[in-house]
Amino acid sequence: MLKPRRTITGMSAILLPLFEDGAVDWDSFRAHVRRTADAGLTPAVNMDTGYVNLLDETTRRQVLAQTQDTLGGGAFVAGAFVGDRPGDGWNLDAYRTQIDLIQAHGGTPVIFQSYGLTQQDNAAIVDAYAQVARHCPRFIGFELGTMFAPFGKIYDLEVYAGLMDIPQCLGAKHSSLSRVLEWERLELRDGRRPDFMVLTGNDLAIDMVMYGSDYLLGLSTFAPDLFAQRDALWADGDPGFYELNDLLQYLGFLAFRAPVPAYKHSAAQFLKLRGWITTDTTHARSPGRPESDVAILRDIAGRLTVLPELAS
């Protein structure tokens with residue numbers, strides 16, 4: 001069921017921009033964090049879009065420090081990532097270390113999955129989040145499909161209901177790329193805990209916000225300004241929402257085609273076209289896109305700038 005004129009909560013995963021030698025372009029990163037917050041979206045750092053599973057601990061800490069300094073106390077969320085291997089056990093202490101680090105910098109943790117978390121049975125998975133809750137007063141869960149990362153898992157509704165029953169869990173990002181699974185979660189949420197945020201991570205169906213989802217997207221890092229404008233059009237009941245959403249979705253279909261992790265290179269290409277970052281370099285261990293994509297991205301950018309709602 002559609003939920004018109006709803007105020008949408010938007011969180012945007014920040015791309016970590018790189019120079020050609022692989023060093024982090026901190027000036028461009030800070031500018032994009034600031035730009036995202038100024039648009040009215042909550043910056044989400046050290047997420048998949050920010051190469052969190054490919055970064056060393058020092059760089060992850062620098063990301064938090066740069067974000068805190070840029071926002072000056074403003075709200076942000078950050079991935080609590082624990083790197084492990086298949087067969088490893090649940091490591092609460094490692095998660096507590098990451099959670100403490102995020103909270104010390106003023107952020108709200110997003111609990112990334114790990115092999116040790118997802119390879120447990122349902123009851124143990126829910127208990128793991130309950131253990132996190134005893135240490136962390138506010139956090140966001142995360143379901144990540146294996147097309148994004150091999151340690152991810154999409155939970156069944158029993159586990160999802162268990163997350164909703166943990167008061168400290170504010171919501172959960174759902175990245176299955178399945179409308180049906182997300183609709184099931186929205187129905188469960190509406191009947192069980194209406195304040196729980198179903199944060200869509202479906203970059204192939206960004207109109208899930210029409211059905212009651214909020215979002216934590218990688219696609220929105222391409223254009224936080226336009227996502228914020230789209231959200232305002234929905235809240236106002238303005239039909240211009242549909243035209244802008246369709247073009248943003250066109251961008252999503254291009255960027256999130258297989259191999260899906262290469263969307264980060266698409267983001268870099270698009271942000272460079274917009275003059276917001278210096279290079280379109282992607283992480284050396286992340287797949288890339290062909291240079292021919294740039295012409296298509298330039299065409300999409302041109303279409304976005306001539307929309308009547310954006311012309312003024």
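Leu 244, Leu 247, Leu 248, Tyr 250, Leu 251 and Leu 254 of helix H9 meet Asp 293, Ile 296, Leu 297, Asp 299, Ile 300, Arg 303 and Leu 304 of H11, where contact means heavy atoms within 4.5 Å. This is a predicted model, so to speak: local features need pLDDT of at least 70, side-chain atom pairs count only at pLDDT 80 or more, and totals for chains, interfaces and linings use all residues. Residues are numbered from 1 along each chain as its sequence is written, and side-chain values use heavy atoms, with hydrogens and water left out.

**The H9–H11 pair**
- H9 and H11 (residues 293–305) pack at about 170 degrees, with axes 10 Å apart.
- That makes H9 and H11 roughly antiparallel (angles over 145 degrees).

- Beyond four places in sequence, Tyr 129 has contacts including Phe 139, Phe 142 and Tyr 155.

**Ile 154**
- Ile 154 sits in the loop between strand E5 (139–144) and helix H6 (157–164).
- At 26% relative accessibility, Ile 154 counts as partly exposed (between 20% and 50%).
- Its C-alpha atom is 9.0 Å from that of Phe 142, 12 residues away along the chain.

Methods: Helix = DSSP H or I, 4+ residues; strand = E, 2+ residues; numbered from the N terminus. Buried < 20%, exposed > 50% of the residue type's maximum accessible area, 1.4 Å probe, protein only. Axes fitted to C-alpha atoms, helices over the stretch in contact; angles between N-to-C directions. Parallel < 35°, antiparallel > 145°, perpendicular 65-115°, else oblique.
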